[in-house]
Amino acid sequence: MQIQRPSLQKTLNQLQLNTFYEKPIARVSMSLILTILGVSFFALAAIRPTLQTMAGLIKQIDEKKILDEKLALKINALTLAQKELLAKEQRAAVLDDAIPQTAMFSQLLTALEKLASEQNISINSLNTTTIPIERAPDPTGKQALNVESVPFTMVVTGTYNELFNYLQAMQNLRRLIVVDKVVISPPSKEQKDKLNMGIAARAFDYTNQVAKKPAAQIK
């Protein structure tokens with residue numbers, strides 16, 4: 001078997017490389033490259049947890065931005081709902097005054113007497129067949145409520161204009177009152193400019209009037 005010998009050119013190239021690597025600058029270059037590679041490797045290994053933490057924080061920030069947008073939408077919806085609730089509460093307050101959940105009979109009498117005083121008329125009598133017992137409203141709101149009427153009659157004395165204004169004022173009360181009958185009688189000999197007016201009317205409430213007091217007459 002014939003052995004191939006390296007050519008003269010290859011031999012010269014190898015000698016030049018050996019001479020280059022024997023110089024200090026070549027040794028420093030190799031050491032520097034290895035050092036840079038080592039530092040880069042350890043630096044990447046060291047900052048990898050930091051990079052992972054940063055990536056997690058960025059993800060959390062994006063998720064919280066989405067959550068903030070959803071919360072903003074919910075806040076806007078709650079604001080609109082609160083405005084609607086306030087409007088409905090005001091309407092509900094008017095309805096509660098018109099037809100209260102308790103009889104509030106004494107307050108009704110006070111309102112009628114106040115109107116009579118304002119219109120300068122006198123109440124001769126006020127009668128009711130039954131006086132409803134005041135009951136507290138059901139706090140749970142589960143009890144069925146039925147509208148019940150509180151009928152009453154009254155006789156008042158005044159001039160025609162005073163009596164007319166009194167009827168108008170009764171109709172304008174926040175408490176709902178339905179006037180079923182009005183009877184006007186001639187004036188007496190002592191009061192020629194006065195008239196007697198009998199009124200049959202009804203007020204309403206949501207109280208379940210199971211038990212009622214006996215009939216009463218107020219003069």
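How much space lies in the largest pocket? About 200 Å³. The legends below take up this pocket, the chain and its core.

**View 1. The whole chain, a predicted model.** Local features need pLDDT of at least 70, side-chain atom pairs count only at pLDDT 80 or more, and totals for chains, interfaces and linings use all residues. Residues are numbered from 1 along each chain as its sequence is written, and side-chain values use heavy atoms, without hydrogens or water. The protein chain has four helices and seven strands (DSSP runs: H or I of at least four residues, E of at least two, numbered from the N terminus). Their order along the sequence is α-α-α-β-β-β-α-β-β-β-β. Of the 219 residues, 19% count as buried (under 20% relative accessible area, 1.4 Å probe, protein chains only).

**View 2. The lining of the largest pocket.** A pocket is an open set of points on a 1 Å grid over the protein atoms alone, where a 1.4 Å probe fits, with protein on both sides within 12 Å along at least five of seven lines; lining residues have an atom within 4 Å of a point. Its volume is the space filled by probe spheres set on the points, which are joined across faces, edges and corners. Among the lining residues are Asp 97, Met 104 and Arg 175. Helix α3 (residues 105-118) gives the largest share, three residues.

**View 3. The largest nonpolar core.** Such a core joins buried Ala, Val, Leu, Ile, Met, Phe, Trp, Tyr and Cys residues through side-chain atoms within 4.5 Å.

**View 4. Around Ile 199.** Beyond neighbours within four places in sequence, Ile 199 is in contact (heavy atoms within 4.5 Å) with residues including Phe 152, Tyr 166 and Val 179.

Note on methods. Buried < 20%, exposed > 50% of the residue type's maximum accessible area, 1.4 Å probe, protein only.
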